[in-house]
Structures are given as C-alpha cells and as structure tokens.
Amino acid sequence: MSRDVKLDRVTMRFGDFTAVDDVSLDIRAGEFFSFLGPSGCGKTTILRMISGFMEPSAGRILIGGENMAGIGPNRRPTALIFQNLALFPMMTVADNIAFGLEMRGVDRSVRRKRAMELLELIALPDSADKRIEQLSGGQKQRVAIARALAVEPQVMLLDEPLSALDLKLRQHMRTELRAIQRRTGLTFIYITHDQGEALTMSDRVGVMSRGRIDQVGLSHAIYDEPATPFVATFVGENNVFAGRLAAVSGGVGTVETPTGPLRARVAGDLAPGASVLLFVRPERMRLGAGADGPNTVTRPVSHVDFEGNFVNVALEPIVEGGRPMLVQLSNDGRIPAFDRGAAVAVSFDPAHARILAAGEMAKE
Amino acid sequence: MSDLLRRYGWPITLFMIGTAAIWLVVMVVLPALVMVEYSFHPNLPVTKRGGPEDYYTIANYAALFRGVDLATWTFPNDFKVFVRTIWGASLVTLVSLVVCYPIAWHVAKVAPPRRAALMILLLIIPFWINEILRTFAWYIILAYQGPLNAVLLGVGILEKPVRWLSGSGGVIIGMTYAFLLFMMFPLINAIETLDTNQVEAARDLGAPTWQIHRRIVIPHAKPGIAVGCIMVFVLAASSYIVPALLGSPGTRWFTETIYVWFFEGQDWPRGSAYAFILLTLCVGFIMLVMRVFRVGLADIAK
C-alpha cells in the first residue's frame, strides 16, 4: 500500500533565510519522484519536513490526504534513508533491520523471521549475524533499505543515499532501487544533486533552485523542454546565446545575437523585443553550415576532448569571457582532425533549440 | 619508540623518555615501594628496626578483617568503615551518572553551540575555586539553620528542618558535586561523537525517547560512562577532605581511618597496609567496570 504526498504552499524559514519558498506539489501514490537541485536549494529541507523532523513555517503537508502537522517522525507513515545511511554499528545486521519492529513491540521470533525475509529480498541471506562494519558499501546500502522497508512505510524518503558509492556501484544501485520500488509499489521520494540519478530512476523529476520548484515533469521533458534558464543549464550541458527576440512566427522565433540572427522554438508567450536566451544542447550541434542559412556559427577551436564513444569540441566563446561553445560529436569514424585556432562552422536545426525568457542560470 | 627515534634522533628521544621515567620512578614507584615494604613489617620503634623482632608479616593486612564473624554478624570498626566507603563511593558514582547524563546529553546534542559553550563555562567556573572552599560552601548550605532548610521550609516542602549533615547524605551530595566534572566531560565527549543521524534514524523508525537512549546513545557512550565511573569512584573512595568536612562521627571514610593509623596511631605499617587495600579496591573496581562495560584500555584512552 502506498500513499500520495501533497505539499500545499509549504514555506520554511530559518531566521531571515527562506529555505523553501511557497512550494505546492502533488506526488502520486506509487510514484518514483526525485527532487533535483544544487546544494542549498532546499531539497533536503523539503525531505525533512515530509519525514517530520521539521515543521513548515507555513503551509500544509498531507500524506494520503491526512494533514501531518504536529505528527512526529516516529508516527508518520514514512521511512527515511539517510545520506550516510545511519546504520547502528553496535547491532547486528538482523537487529538493525528489525529495529523498527522491536520499537513496535513485535515478538523476537517474529522480528527475526521478518528480518530474514527482508535479507532474502535484498539478496543478503547469509549476513543476518554480521556486524555492520563487515559489509561493503553496496551491502550497507541494501541493509538500510531493508531496515526502512521493515516498518512497512507507505512513503520512502531517500536523501542522496548513493552519493558515497563509487561510480560502478552507484549505477548498479540505481537499477536495484528502481527494481525495489517497482516490486514494493511504494511511493519513493528521492533527493539528489546528480541529474543522472534523477533522470534514470524517476517517473517524474522536480528541479529546484533557491527554495522554489522551477519545473516538474518527466525526465525527457526536463531535458528536452526546460522551462527556465536554470533548468536548461543545471540539467545537462547547454550552449547559450543571449539576445533580443526580433520576430516570432509559427512558434519559431528569431533572436538577434552578437553572432547574428539565430532561429529556434519559442517556449511560452514571448513578444518581440523581449530579452531572451537561446539554448542548444551540444549533441544537437552538427559540423558544417546549416541548410537553412542563419543558424550557423563560425568560431575558432579552443580545444578537443576525445572521450572514446564521442568527441567534445570546444569553440571559443562568442563574447569575451563568456562560456565556450560546446559541440558533441558521435564517434562514427568520420570526425575530421581539428587544429586549435582554426575556424570551424557549426549549425543547428531550429527545432532542436529553445528560446526562453532571460533569467538566472545555474553556476558552472 | 622507533617512531620517536626516527623523528627526533637518539639524544632527544632519550631525554623525553628519560625524564618521564625519572618522574615515574622517583615520584610514584619508589615511594610506593617504600610503603609496600613498611606494610609487611610489624610496628616497631626506630631502635628495634632490623633487629630480631623485625620480620615480614601479613598481619597488617589481616588486621582489617580480624574479628569479622559472619556467624554472629559482627564486624570490627575498621572493616565497617571499609565497607561503608565502597558502598558510599558506589552511590556517589551512581548519583553522578544520573545527574550528569541528562546535562551531558543536552550539552552534546540538544543545545545550540553558543548555549553549549555557555553551559560548559558555567560548569567549569565553580571549579576554579579551591576544593576546601567549595566543600565548606556545602557545609553552610546543608547546615541545620542553613539556606537549604530555610528555602524548603519557606516553600512548604518541609515541616521541620532536616539534619542533612548527620548521616551520609552530606558526604554523598558533597562528593557528587566535587567530582561532577570528572563524570561530565567523559560523557559529553562520548555523546558528542555519536552521529546525530543515528538518533534521527531511530526516531524515524518509531523509537520513543527512552528507547533511543537505551538502544542507541548509551551503547555508544559506554566508554565515556566507564571512564566517568572509574574517575568518580576512585576519587570518591580516596577522597579525604569531603568526608572530613561534611561527614559526621558515624560516617567516617576509609581514608580517615588510614590517616588515623598514620598520624594518630603512629602505626605506619598498618596505615600503609590499609592504603594498599584501598588501592587494590580501586584497581579491582576499574577492572570490574571494564568487564561490565566490555571496554578495553584503548577505548578508555580515547
């Protein structure tokens, strides 16, 4: 059984600082939802408010339609998995898993049986009487999940639990977490600053910046149709061209930029004359001048990174001191040799670029 | 040792180890050995020492237990004092632990940093005052016509004043206060190292406050509790000033008995033997605590 979580105009202030600013959001029952954002964006504060360790300064949190105000973390239908896991080192693995049941006064033999079942579920059946320090990082991870599942929560809250693992294990655990979520059918709320984690695991992602949610959507919508300059630059790489919107027709706008007019799809209602940013993903850029004329930029090569399956070519910034222009080329065996300083023409399809109203971008 | 050698070379290493060794040997080991030697001799005038009446004996040690009769449940005076000292020091240890634990928890985990620092300061400042003065202060507070009785009578908790200083109460209160910091700091240090997430994890899993302490905090703070208990017990068992000032004739402490044998009885061998019995008791307590709390010397040194 899982429940939905509703944030209704939730605000959290610490003195003068507003960590979470008027956030409203519906997380569906049985959904894998991720909050994605840089450190300090308020995502951990949201998680701590849902788990009950903090009470919001204003607004309501409802779990399964029930207002959680004044209900402590030990009486909420949530289970939190901590960033450092917070396993109890003085107890055995089985005692860790059964801790929540022990606190609920469940009989020792029943506790043991349930712990063994969960150890089976996380594929560690022989570790019941091991000590926590005898486990590897990935095993600890799974014990922490089992410990949280043991109390049969309706909502699982995960605070960047994979951040301490090495890359290989992290990728493996992503699949495993997703599988556990599917098997149990629980609502998972996941906090991360790692876009890869958020995009691969989640049903929906909420991108946060400065205490607000910039955009909520499916992974590919977040990536392909960012709603704000922050989302466009925080999630994945993006080339940015600043300028003034000259004309709009049929959803495609023309932007006057320092490198000439560029065309792209316009997001939302933007009138000519507006100060805008045009975004193009590096992998949507192609070598050579475009067929439709204007969307071509010619710049000297500043450096080339060979990554194996693809090649990253950085071109000199269009404006002095700006971000270099990035072009990602798939290594199809036909990539020419680039000389540093030699001018290269690149272009993009207007359908693959996006115009947004000017606003704050993510820090490099 | 080899580490020191590599870092400082022979002369400095020798100097460092040598001074420490001289300190230990001259100030601690040799006087103790002299006392051990005394304790195994009969009490003789100076002229007869080394003569035919001088021989090795364990009579001074046996003297403490001479006259103990379990059948009639009679105990000689010195033995009673010895047992009372063990009991009293244990009680002081327990009371200290009960008093210090909530404060240590508050300072280490609950109070914001500024308040924690202020609380530690407030704990330390009274200890800048001489121990005798602090003990006298308690003498005044606990006096029959002193402020404690006055306040309790005024508030209406008591109907007639209590003689706090007539039983062991004054000694227990005075010692708990005198050795408070020796329990407090090991506890604060131990609790501080506990990862706060563990407390929150336990709470999130449904643990009520007392279970969090029973299952998470106390097991983690075990080495600190052990150190605090050892410190307070040893200090209490070997304290002289507090029982001398706050005790009554009926609540003599074993240290006072030792003093009497040395300086009033002029029986140094007997006094030495008693002193070693007290030392053995303390070492025994330390080993017991380490067994009970299942901590090693390395845990305690942390």
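**Domain and chain interfaces in a predicted model**

Analyst: Across the interface of domain 1 of chain A and domain 2 of chain A, three residue pairs are in polar contact, with both partners at pLDDT 80 or more. The model is a predicted one. On the domain 1 side, α6 (195–201), β9 (204–209), β10 (212–217) and α7 (219–224) of chain A each supply at least two of the residues that touch domain 2 of chain A. By class, that side divides into seven nonpolar, five polar and two charged residues.

User: What makes the meeting of D224(A) and R284(A) a salt bridge?

Analyst: The N to O distance between the side chains of D224(A) and R284(A) is 3.5 Å. The cut-off is 4 Å between a side-chain nitrogen of Lys or Arg and a carboxyl oxygen of Asp or Glu, so the Asp–Arg pair qualifies.

User: Where do the bounds of domain 1 and domain 2 of chain A lie, and what separates their centres?

Analyst: The domain assignment places domain 1 at 5–224 and domain 2 at 229–357. Taken over C-alpha atoms, their centres are 38 Å apart. Even so, 14 residues of domain 1 of chain A are in contact with ten residues of domain 2 of chain A.

User: What area is buried between domain 1 of chain A and domain 2 of chain A?

Analyst: About 970 Å² is buried there, and carbon and sulfur atoms give 62% of it. Within domain 1 of chain A, Q195(A), Y223(A) and D224(A) lose the most area to domain 2, together 49% of what that side buries.

User: How many residues does each chain bring to the contact of chain B and chain A, and what area do the chains bury?

Analyst: Chain A contributes 24 residues and chain B contributes 18. Between them the chains bury about 1,800 Å², with 59% on carbon and sulfur atoms. D204(B), L205(B) and R215(B) supply 41% of the area that chain B buries against chain A, more than any other three residues.

User: Why is the pair E102(A) and R214(B) called a salt bridge?

Analyst: The closest N and O atoms of E102(A) and R214(B) are 3.6 Å apart. This value falls within the 4 Å cut-off for a Glu–Arg pair, and therefore the name applies. The count between chain B and chain A is three salt bridges, alongside seven residue pairs in polar contact, both partners at pLDDT 80 or more. On the chain B side, α10 (196–204) and α11 (209–237) are the elements that give two or more residues, and α10(B) gives the most, with seven. That side has seven nonpolar, five polar and six charged residues.

User: What does the salt bridge of D22(A) and R9(A) tie together?

Analyst: Their side chains meet at 3.0 Å, N to O. D22(A) lies in strand β2 (residues 17–27) of chain A and R9(A) in strand β1 (residues 5–14) of chain A, so the pair ties together parts 13 residues apart in sequence. Over all chains, the structure holds 25 salt bridges.

User: Why is the aromatic pair of F136(B) and Y139(B) called edge-to-face?

Analyst: The ring centres of F136(B) and Y139(B) are 6.2 Å apart, with 85 degrees between the planes. F136(B) and Y139(B) both lie in helix α6 (residues 131–142) of chain B, three residues apart, about one turn of the helix. By this rule the count over all chains is 23 aromatic pairs.

How values were computed
Residues numbered from 1 in each chain as written. Chains lettered and ligands numbered in written order. Predicted model: local features only at pLDDT ≥ 70, side-chain atom pairs only at ≥ 80, totals over all residues. Heavy atoms only, no water. Contact = heavy atoms within 4.5 Å. Buried area = accessible area lost by both parts, 1.4 Å probe. Polar contact = N/O pair within 3.5 Å; in protein donor to acceptor, adjacent residues only side chain to side chain. Helix = DSSP H or I, 4+ residues; strand = E, 2+ residues; numbered from the N terminus. Nonpolar A, V, L, I, M, F, W, Y, C, P; charged D, E, K, R; others polar. Domains from an automatic or database assignment. Phe/Tyr/Trp six-rings, centres within 6.5 Å; stacked < 30°, edge-to-face > 60°.
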